[in-house]
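Trainee: Please take one part of this structure and go through it closely. I would like to follow the place where the two protein chains meet, and then what lies around it.

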There are 2 protein chains.
Amino acid sequence: MDVSLRQIRAFLTIVHSKSFTRAAGVLNLSQPALTVQIRNLETALGVKLLDRTKRSVEVTPVGLDLVPALERTLHELDVTLSDLREVGAGRRGTVRIAALPSFAASLLPGVILACRRANPAVSFLVRDAIAAQVSTLVASGEVDLGITGGDLAEAEFDVLHTTLDQICLVFPGSHPIGRKRRITVEDLVDLPLVLTNPGTSLRELIERALLKIGHTPTLACEVTYMMSAVAMVRAGLGLTILPTSAREIRVERGLRVRPIDDPDFLRPVVIIKKKGRTLPPATAGFLDLCIAAMRHERR
Amino acid sequence: MDVSLRQIRAFLTIVHSKSFTRAAGVLNLSQPALTVQIRNLETALGVKLLDRTKRSVEVTPVGLDLVPALERTLHELDVTLSDLREVGAGRRGTVRIAALPSFAASLLPGVILACRRANPAVSFLVRDAIAAQVSTLVASGEVDLGITGGDLAEAEFDVLHTTLDQICLVFPGSHPIGRKRRITVEDLVDLPLVLTNPGTSLRELIERALLKIGHTPTLACEVTYMMSAVAMVRAGLGLTILPTSAREIRVERGLRVRPIDDPDFLRPVVIIKKKGRTLPPATAGFLDLCIAAMRHERR
DNA sequence: ATCAGTGATAGCTTTCGACTATGGACGTCA
DNA sequence: TGACGTCCATAGTCGAAAGCTATCACTGAT
């Protein structure tokens with residue numbers, strides 16, 4: 001027969017309590033059960049581990065040598081497994097998530113805070129990246145969740161939640177366009193725009209929408225970070241177009257933000273995971289908080 | 001249910017082979033058995049460890065974190081247990097033995113050599129000590145075997161073997177006593193003797209034997225080591241009395257050795273162990289060799 | 001000498017784990 | 001596109017393992 005954990009635990013318990021009967025009590029077992037366990041263990045190992053003698057049990061020299069090693073190993077295993085149970089309950093673990101920069105800066109901080117408040121031992125790994133990278137990160141398994149634009153192609157992902165992100169025009173308070181009641185795509189034509197880099201989903205969305213009415217954007221400046229775009233606008237270099245989710249439009253004073261009233265500027269946003277992948281429990285909890293926060297945001 | 005080693009091994013095997021079916025082959029198990037093992041393991045831990053998806057099995061992030069720790073622990077355990085099996089087979093281990101100096105220097109080296117030839121990984125701990133100390137060492141468990149004089153009092157020990165050690169008179173080749181055909185206790189009276197310290201079993205034996213015929217030894221000199229005694233005799237300081245087992249009587253040239261023809265000078269020698277104690281397998285093998293060597297010696 | 005306490009043994013019962021057979025999902029290839 | 005093969009899951013059955021109760025044999029203490 002093979003050696004089992006039960007047998008090892010039985011052995012160690014007997015060594016500590018120096019008695020089959022007492023050990024049986026500790027292990028919630030009958031004394032004969034223990035006798036059999038030890039007999040089997042000794043048979044399996046081919047060594048006598050305990051000397052059953054008058055009045056009490058003594059460990060053989062061989063058994064004594066064994067005790068520290070077994071104890072160390074068993075303790076390691078127990079720690080590993082009890083940690084794991086914590087992970088299983090969602091009280092521990094690492095939430096690994098990739099998100100568009102706008103969400104990484106606006107939605108996530110609050111959600112992370114809430115999640116950490118509920119389970120202080122949970123840690124977070126946030127990768128902020130443009131849409132194309134987000135899906136790659138999810139597909140490769142480098143992160144478990146992705147928050148990205150809704151234009152993903154394949155059945156490689158499960159869509160866990162969908163919401164909409166209103167794209168807005170950002171302009172100085174003094175700009176004449178502020179007087180319009182409603183801003184449409186047509187209004188964007190010929191306006192000097194500060195846009196994010198080509199390849200970003202936002203840029204593509206804008207170009208596509210303008211192309212639809214036969215135009216291309218009038219580029220005032222091209223930047224990588226939305227923060228830069230906002231600064232440009234503030235300096236009067238032009239106007240920019242950012243999603244509502246972008247934190248940048250809220251921190252900069254003296255700028256005005258107005259939705260662009262066009263279905264093309266209501267960008268779908270999804271939370272995705274790799275298909276067939278189970279989310280770690282802590283991450284599943286985090287997801288729920290995310291969805292709740294998005295619902296709350298859209299109200 | 002509790003986590004078992006089988007389950008952990010099953011999990012790791014599946015992780016490596018990335019397939020239930022293949023892992024089942026490796027483990028000589030049916031595939032459904034593995035399915036059940038993993039299901040039980042996951043239930044016990046409250047975590048999904050494997051994602052069973054199309055065509056192949058993937059480890060969940062949580063499971064992946066777990067693999068190295070489990071592997072390390074399991075490997076440690078395997079090493080510990082396989083070492084132990086070696087010990088159990090007597091191929092490894094430490095033989096701990098206390099012996100009277102005469103035996104430690106004469107009988108033991110050969111036996112140890114033979115034992116080591118049979119099992120090269122066995123190591124030895126030899127304590128050479130006078131009779132009183134030998135029994136103490138055995139009683140305390142500091143050694144497993146003791147070779148000592150036969151005058152031990154208690155039922156605290158098991159006597160594993162008994163032999164007799166002829167006590168001899170050692171004298172210079174030129175000494176007149178060499179002309180006697182037979183040496184008796186009476187011959188010892190008034191001879192200048194080089195004796196070992198009071199408290200040694202040999203000294204007590206000699207004093208007791210002389211006292212029986214109403215005498216006390218004529219002390220030429222008192223020494224601790226038999227080697228010293230022999231050197232004194234060699235220098236003509238007196239005669240000495242040593243057991244046959246003493247190696248010293250063989251190495252010194254120009255000395256003569258004659259048995260003292262008296263039952264009092266046929267000292268019983270025993271091999272003992274603590275009662276109720278199981279000998280480690282390597283030590284049991286060593287004991288057999290000791291007994292064989294003693295039998296051979298007395299022929 | 002009796003009694004209390006220890007571990008071992010025996011007989012019975014329950015539980016666990018393994019096997020065979022089969023089902024459902026998915027990928028592949030004609 | 002449909003038949004097939006592969007993979008894991010499920011169901012039912014059976015045997016082995018492990019548990020329990022009752023009792024024994026031994027030892028040490030009263």
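Mentor: Start with one pair of residues: Glu76(A) forms a salt bridge with Arg72(B), and their closest N and O atoms are 3.4 Å apart. A salt bridge here is a side-chain nitrogen of Lys or Arg within 4 Å of a carboxyl oxygen of Asp or Glu. By this rule there are four salt bridges across the interface of chain A and chain B.

This is a predicted model, in which local features need pLDDT of at least 70 and side-chain atom pairs count only at pLDDT 80 or more, while totals for chains, interfaces and linings use all residues. Residues are numbered from 1 along each chain as its sequence is written, chains are lettered from A and ligands numbered from 1 in the order in which they are written, and side-chain values use heavy atoms, with hydrogens and water left out.

Polar contacts can be counted too: a pair of N or O atoms within 3.5 Å, where within protein one must be able to donate a hydrogen and the other to accept it, and residues adjacent in sequence count only if both atoms are side-chain atoms. Between chain A and chain B, ten residue pairs are in polar contact, both residues being at pLDDT 80 or more. On the side of chain A that touches chain B, two or more residues each come from helix H1 (5–17), helix H3 (31–45), strand E2 (56–59) and helix H4 (61–88) of chain A. Helices (H or I, at least four residues) and strands (E, at least two) are DSSP runs, numbered from the N terminus. H4(A) gives the largest share of that side, 15 residues. Sorted by class, the side has 18 nonpolar, eight polar and twelve charged residues. Here Ala, Val, Leu, Ile, Met, Phe, Trp, Tyr, Cys and Pro count as nonpolar, Asp, Glu, Lys and Arg as charged, and the others, Gly among them, as polar.

Now take the contact as a whole, where contact means heavy atoms within 4.5 Å. Chain A brings 38 residues to it and chain B brings 38 residues. Together the chains bury about 3,300 Å², with 63% of it on carbon and sulfur atoms. Buried area is the accessible area (1.4 Å probe) that two parts lose on being put together, summed over both. Of the area that chain A buries against chain B, Pro61(A), Leu84(A) and Thr278(A) supply 16%, more than any other three residues.

Pro61(A) is also in contact with Arg96(B), a residue whose other contacts, leaving aside neighbours within four places in sequence, include Glu142(B) and Asp144(B). Arg96(B) lies in strand E3 (residues 92–99) of chain B. Its side chain makes a polar contact with the side chain of Asp144(B) at 2.9 Å, and the side chain of Arg96(B) reaches the backbone oxygen of Glu142(B) at 3.4 Å.

How are the two chains related? A rotation of 180° with 0.1 Å of shift along its axis superposes chain A on chain B, with an RMSD of 0.2 Å. That is the relation of a two-fold axis. The superposition is by least squares on the C-alpha atoms of residues with pLDDT of at least 70 in both copies. Of the interface residues of chain A, 95% are also interface residues in chain B, so the copies meet through the same surface.
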